[in-house]
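Thanks for coming. I have one model to go through this morning, and I will keep to what was computed from it.

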Amino acid sequence: MKITLISFDNWGLNKHIATTLKQRGHEVHHIDFHSFSYQYPNVLHKVYNFFLKTFFKKNIKNIYYGREIIKKLNSFGQKQDIILTIKGDFIDPKYLNDLKEFTTKSIGFFNDNTYRCPKIKRVIPCFDEVYSFEKEDCQTYGLRFAPNWIYSQKPETKPEFKYDIFNISSKDKRLNTLLKIAKDLKSKNIRYKFMVLDKDTSAQSEDIEYFHTKIPLEEMTQLITASKTLLDINRHGQKGLTFRVFESLGLEKKLITTNPEIKTYDFYNPNNILVIDEENPNVPVEFFTNEYEKLPEALYYKYTLEGWVDQVVFGKTI
């Protein structure tokens, strides 16, 4: 089949979808519009875009992304069997409708929710099928549910752990929760490494390591591998499971999370997953004592990228 993946691949995770599809023998194009660079020609264009966004719900960058994507599709010269778009809310709806002329089926997937990204609501009608990782959005807007996926590989040998718990994130409203958790861990002599991306180069803390440029995915994976347990702090208003959860499944690591929604998933195991209160976090030392309990192979496959592709791209029931 001829399949095109369109995505804003800012963390380099979506490229694994294209690789998986190619390994199955499909002819695959990946249009990563995160690589598209738009520059305002002058200050007037920036002011004009402010008025577009404020009064007409339009954005010059979203229009630019759409135009460049259509150019790419035109260059392929052949109609695609499937076009899968991730983060389609970053693209002007006109061009999402236009791209349907280039494919037999147009699929959208969102791993943000409409609470944080309300523009998702306006682009839902632009696709033939729409999947979301947020169960509430699926119920409200009649979407199909699909979580994120495992992209990391099971370890061949048991690694040496430098830390009991690790977290890497961007500086946002979750920082206060992270500081509370760090305080709790420090009081119990639990080894941890917390890293926060912050453009403010003056930021300093005894409990958190600030960094100022994005870390490559490969380096981040090494840091994750060196930790026995991963920490996941969900954003306010978001119940869908982050990639941190699926990193823990893929690497067979325990997880500590502030998202109680995880208890509704079939892989939830209190031996492997600890849900804590973000206001008053309490991580018992005993949680680190027992070994990780592996998932049954069929259940594990359901959450792999291969299982995700079966479900989202090819419509199979997993």
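Predicted model: local features only at pLDDT ≥ 70, side-chain atom pairs only at ≥ 80, totals over all residues.

Residues are numbered from 1 along each chain as its sequence is written, and side-chain values use heavy atoms, with hydrogens and water left out.

Cavities, then. By cavity I mean a set of points, on a 1 Å grid over the protein atoms alone, where a 1.4 Å probe fits but cannot get out; a lining residue has an atom within 4 Å of a point. Points are joined across faces, edges and corners, and the volume is the space filled by probe spheres set on them. By this rule there are 2 cavities of 30 Å³ or more.

The largest cavity has a volume of about 40 Å³. Its lining consists of Ser248, Leu249, Lys253, Lys254, Leu255, Phe267, Asn272, Ile273, Tyr292 and Leu295. Helix H9 (243-250) and strand S11 (254-257) are the elements that give two or more residues to that lining. Elements here are DSSP runs numbered from the N terminus: helices are H or I with at least four residues, strands are E with at least two. By class, this lining has 6 nonpolar, 2 polar and 2 charged residues. The classes are as follows: Ala, Val, Leu, Ile, Met, Phe, Trp, Tyr, Cys and Pro are nonpolar, Asp, Glu, Lys and Arg are charged, and the others, Gly among them, are polar.

The second largest cavity has a volume of about 30 Å³. Ile86, Lys87, Asp89, Phe109, Phe110, Asn111, Asp112 and Ile120 line the second largest cavity, and by class they come to 4 nonpolar, 1 polar and 3 charged.

Back to helix H9. How many residues of H9 are buried? The count is 8 of the 8, so H9 is largely enclosed by the rest of the structure. Buried means under 20% relative accessible area, exposed over 50%, and partly exposed in between, with a 1.4 Å probe and protein chains only. The buried residues of H9 include the charged-side-chain positions Arg244 and Glu247. They pack against S7, helix H8 (217-225), strand S10 (227-232), S11 and H10; contact means heavy atoms within 4.5 Å. Just after H9, Glu252 takes a positive phi of about 55 degrees.

In strand S11 we find Thr257. Thr257 counts as buried because its relative accessible area is 0%. Leaving aside neighbours within four places in sequence, Thr257 is in contact with Asp232, Ile262, Ile273, Leu274, Val275 and Ile276.

Now the charged pairs. The structure holds 21 salt bridges, each a side-chain nitrogen of Lys or Arg within 4 Å of a carboxyl oxygen of Asp or Glu. I will show some of them.

Lys94 and Asp98 meet in a salt bridge at 2.7 Å, N to O. Both lie in helix H4 (residues 93-98), 4 residues apart, about one turn of the helix. An α-helix has 3.6 residues a turn, so residues three or four places apart point the same way. Lys94 is partly exposed at 44%, and Asp98 is partly exposed at 21%.

Asp207 forms a salt bridge with Lys186, the closest N and O atoms being 3.0 Å apart. This pair links distant parts of the chain, 21 residues apart: Asp207 is in the loop between strand S8 (192-197) and strand S9 (209-211), and Lys186 is in helix H7.

Lys302 and Asp266 also form a salt bridge, at 2.7 Å, N to O. Here too distant parts of the chain are linked, with Lys302 in helix H10 (residues 297-302) and Asp266 in the loop between S11 and strand S12 (273-275), 36 residues apart.

Lys87, Asp112 and Arg116 are linked in a network of salt bridges. Lys87 and Asp112 are also among the residues lining the second largest cavity.

Last, Lys171, in the loop between strand S7 (163-170) and helix H7 (175-187). Lys171 is partly exposed, at 43% relative accessibility. Its side chain makes a polar contact with the side chain of Asp198 at 3.4 Å. A polar contact is a pair of N or O atoms within 3.5 Å; within protein, one must be able to donate a hydrogen and the other to accept it, and residues adjacent in sequence count only if both atoms are side-chain atoms.

Conventions
1 Å grid on protein atoms, 1.4 Å probe; cavity = no way out; pocket = protein on both sides within 12 Å on 5 of 7 lines; lining within 4 Å.
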